[in-house]
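User: Please walk me through this model by question and answer. Keep it brisk.

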Amino acid sequence: MADIVSPLEPVYRRGAHGDRDGGSAVTLCETRPGSIVQLAAWPGREDAMRAAIRDATGFSLAQAPGTGHAEENRSAFGFAPGRWLVVDQIEGIGETLREKIGTDLGTVCDLSHGRTAISIEGEKAERVLSKLFALDFAIDAFPVGQAKSTAHHDVFTLLQRTGADRFELYVYRSFARSFWHLICASAEEFGYTVE
Amino acid sequence: MLIACPYCGPRDLSEFTYQGDANRTRPNPMSNDQSAWNAYVYERVNTAGDHREFWQHSGGCRAHLVVIRSTLTHEIKSVAFARETAK
């Protein structure tokens with residue numbers, strides 16, 4: 001098993017930061033999933049791909065855009081027409097999916113090394129993300145499990161809501177350190193803890 | 001300006017990339033009809049009103065879209081996936 005080397009390592013400072021008056025209103029964490037796998041269905045094979053995702057992960061994803069599910073250590077969600085992301089703390093999920101998903105159905109692309117996963121949790125999580133992204137973060141507009149693709153300037157970001165006040169963010173590895181500085185600076189005024 | 005992506009819902013203009021006039025038709029790549037290529041490359045209808053154009057949701061789901069936009073008011077009349085509607 002290879003060691004995971006994080007692009008955030010030189011700037012990742014565990015502990016409490018920012019305005020300490022009211023304690024920490026958000027907690028930031030690099031979650032380091034062992035597997036981040038992107039699936040793409042050929043046009044017309046979307047339903048078959050969702051069935052294959054259900055076979056492989058147990059997550060039954062609805063047809064609606066951005067539908068997803070999340071559990072403690074794994075999740076799956078749609079983020080574009082005919083495209084899904086499957087994330088698991090365990091390594092090697094790409095191989096499992098490749099066995100279930102033939103080339104007649106679509107493609108399986110293991111991005112575990114190419115994305116950095118950051119979680120943000122806490123009472124001000126919505127507020128911090130609202131500073132970065134032009135999205136409606138209210139729970140009615142962005143329910144638990146739902147995912148959205150967006151960008152902060154050119155930093156393309158996938159967001160999934162995994163709890164009432166928790167979001168998982170996936171950014172390109174090469175942008176991750178810059179993005180981390182940005183999200184820390186954005187959380188400064190509320191006080192934040194890095195886990 | 002908001003564009004209602006058929007997948008993502010209404011999103012800010014800054015997430016989208018304009019990809020040009022969707023009224024023109026590309027000649028057959030094997031064609032050596034100079035006037036057809038000239039029309040495809042250079043001639044535009046320059047509509048004052050509803051204009052059919054390609055956009056990409058490049059800062060989102062990356063889908064290519066066909067948008068009908070009024071060039072007078074910027075009102076977006078319709079948005080659809082290009083793969084379903086492109087000529």
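This is a predicted model: local features need pLDDT of at least 70, side-chain atom pairs count only at pLDDT 80 or more; totals for chains, interfaces and linings use all residues.

User: What is the strand order of the open sheet in chain A?

Analyst: The sheet is open and has five strands. Its pairing is antiparallel. Neighbouring strands are turned against each other by 20° on average, direction ignored. The order is 4-5-6-3-7.

User: Why is one side of strand 4 and of strand 7 of chain A left without a neighbour in the sheet?

Analyst: Strand 4 of chain A spans 68-70, and strand 7 of chain A spans 106-110. Both stand at the edges of the sheet. One side of each lacks a neighbour because each has a single partner strand.

User: What angle does helix 1 of chain A make with strand 3 of chain A?

Analyst: Helix 1 of chain A, residues 46-57, packs on the sheet. It touches strand 3, strand 5 (74-80), strand 6 (83-88) and strand 7 of chain A. The direction of helix 1 of chain A makes with that of strand 3 of chain A an angle of about 155°.

User: And at what angle does helix 2 of chain A run to strand 3 of chain A?

Analyst: Helix 2 of chain A is formed by residues 93-100. This helix lies across strand 3, strand 6 and strand 7 of chain A. To strand 3 of chain A, helix 2 of chain A runs at about 25°.

User: How far apart do the C-alpha centres of the two domains of chain A lie?

Analyst: Domain 2 of chain A takes residues 35-110. Domain 1 of chain A is made of 9-32 + 114-194. Their C-alpha centres lie apart by 24 Å.

User: Which strands of domain 1 of chain A each supply at least two residues of the side that touches domain 2 of chain A?

Analyst: The contact takes twelve residues from each of the two domains. On the side of domain 1 of chain A, four are nonpolar, five polar and three charged. At least two residues each come from strand 8 (115-121), strand 9 (147-152), strand 10 (155-163) and strand 11 (166-172) of chain A.

User: Which residue in the turn between strand 9 and strand 10 of chain A has a positive phi?

Analyst: The two strands pair in the antiparallel sense over six bridges. Ala147(A) has Gln160(A) of strand 10 as its bridge partner. The hairpin has two residues between its strands. The turn residue with a positive phi, about 50°, is His153(A).

User: Which residue of strand 11 of chain A stands opposite Leu158(A)?

Analyst: Strand 10 and strand 11 of chain A run antiparallel and are joined by six bridges. A hairpin through two residues links them. Opposite Leu158(A) stands Tyr170(A).

User: In what order do the elements of chain B run?

Analyst: Chain B has two helices and six strands. Its C-alpha trace spans about 40 × 25 × 20 Å along its principal axes. Of its 87 residues, 21% are buried. From the N terminus on, the order is β-β-β-α-β-β-β-α.

User: How many charged residues are on the side of chain B that touches chain A?

Analyst: Chain B and chain A give eleven residues each to the contact. The chain B side has five nonpolar and two polar residues. Its charged residues number four.

Methods. Residues are numbered from 1 along each chain as its sequence is written. Chains are lettered from A and ligands numbered from 1 in the order in which they are written. Two strands pair if DSSP finds at least two bridges between them. Helices (H or I, at least four residues) and strands (E, at least two) are DSSP runs, numbered from the N terminus. Axes are lines fitted to C-alpha atoms, for helices over the stretch in contact, and angles run from 0 to 180 degrees between N-to-C directions. Two residues are in contact if their C-beta atoms, placed from the backbone, lie within 7 Å. Domain bounds come from an automatic or database domain assignment. Ala, Val, Leu, Ile, Met, Phe, Trp, Tyr, Cys and Pro count as nonpolar, Asp, Glu, Lys and Arg as charged, and the others, Gly among them, as polar. A residue is buried if 20 or more other C-beta atoms lie within 10 Å of its own, exposed if 12 or fewer, and partly exposed in between; C-beta atoms are placed from the backbone.
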